[in-house]
Amino acid sequence: MTGPVVDVGSVPDWLKPLVQVSEDLDARAFTRFSAPRDARTKPAAVLVLFGEGERGPDVLLTRRADTLGSHAGQVAFPGGGADEGDDGPIGTALREAEEETGVDPSGVRPLAVLPELYVPVSGFVVTPVLAHWETPSPVRAVDPGETAAVARVTIADLVDPANRYQVQRHGHGWKGPVFEVDGLFVWGFTAGLLSVLLALGGWEREWDHSDVRDLDVALSAHTNRERA
């Protein structure tokens, strides 16, 4: 089942449009990829956790450890593969978020389950779970071997046109959005999902889609700036 899992009327006004539109979404709103019929896919879920901090609405993101074998150093939503004992995608998303960031699930209110999204590079079929951080709790990188950093990134910074552009990989035929914010370089699946959610939530500001940079060059430049 996808769509809202709560009474939309009880959702904060700033978050309500995104929850309302979730009822009518399918995977095509987020990605051109669909799982091949004969693909061996693995179920997974991510927690898209929106809260309200001193600087306004924000979303919880993590940066994966540089030593990991896959997606090393990449920014992601808390989440991961489903375990047999999980109570559906919501259970997976909450469990993984607690394991990675220490977030207290009792303060998190799931709002909507989004359509499954196929990630070809990993073979995962990922279900994003929208949630509201009703009672924020301290967060941290619980296991430095898995998570390098945890951050609450404001929506205002994410939609700032100065923090957005696109990247491409020559020879791969792929192009996608990037957010450079709070010392994070957000690209790939996470940036694509964020970009769609910001637009659906009515937060997006006009930005320069024609600013397209080589991924490796942009990532290297970001890393050098952070080390300086």
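The points below go through parts of this predicted model, one region at a time.

1. Ground rules. Residues are numbered from 1 along each chain as its sequence is written. In this predicted model, local features need pLDDT of at least 70 and side-chain atom pairs count only at pLDDT 80 or more, while totals for chains, interfaces and linings use all residues; side-chain values use heavy atoms, with hydrogens and water left out. Helices (H or I, at least four residues) and strands (E, at least two) are DSSP runs, numbered from the N terminus.

2. The four-stranded sheet. An open sheet with mixed pairing is formed by four strands in the order β12-β11-β10-β13. Two strands pair if DSSP finds at least two bridges between them. The edges are β12 (184-186) and β13 (212-214); each has a single partner strand, so one side of each is left without a neighbour in the sheet. On average, neighbouring strands here are turned by 35 degrees against each other, direction ignored. Axes are lines fitted to C-alpha atoms, for helices over the stretch in contact, and angles run from 0 to 180 degrees between N-to-C directions.

3. Strand β11 (residues 174-181) and β12 run antiparallel and are joined by three bridges. Phenylalanine 179 has valine 186 of β12 as its bridge partner.

4. Helix α4. This helix (residues 188-200) lies across β10 (164-169), β11 and β12, at about 80 degrees to β11. Contact means heavy atoms within 4.5 Å. The 13 residues of α4 reach 19 Å from first C-alpha to last, close to the expected 18 Å at 1.5 Å a residue; the expected span is 1.5 Å times one less than the number of residues. Buried residues (under 20% relative accessible area; exposed is over 50%, partly exposed in between, with a 1.4 Å probe and protein chains only) of α4 include Leu193, Leu194, Val196, Leu197 and Leu198. Just after α4, glycine 202 takes a positive phi of about 80 degrees.

5. Helix α5. Which residues of α5 are buried? They are Leu215, Ala218 and His222. Seen down the axis of α5, the buried residues fall within an arc of 75 degrees, so they line one face of the helix. The arc is that of the directions from the helix axis to the C-beta atoms. An α-helix has 3.6 residues a turn, so residues three or four places apart point the same way. On the other side of α5, Val217 and Arg227 are exposed. The cover over the buried residues of α5 includes β10, β11, β12 and β13.

6. The start of α5. Aspartate 214 caps the N-terminal end of α5, with a side-chain oxygen 3.1 Å from the backbone nitrogen of aspartate 216.

7. A buried aspartate. Aspartate 58 is found in strand β3 (residues 56-64) and counts as buried at 4% relative accessibility. Its side chain makes a polar contact of 3.1 Å with the side chain of arginine 152. A polar contact is a pair of N or O atoms within 3.5 Å; within protein, one must be able to donate a hydrogen and the other to accept it, and residues adjacent in sequence count only if both atoms are side-chain atoms. Leaving aside neighbours within four places in sequence, aspartate 58 is in contact with residues including Leu49, Phe50, Val153 and Ile155.

8. Strand β6. Five of the six residues of β6 (residues 108-113) are buried. Strand β1 (residues 3-4) runs antiparallel to β6 and is joined to β6 by two bridges, and glycine 3 has valine 113 as its bridge partner. Five bridges join β6 to strand β8 (residues 124-133), also antiparallel; here proline 110 has alanine 131 of β8 as its bridge partner.
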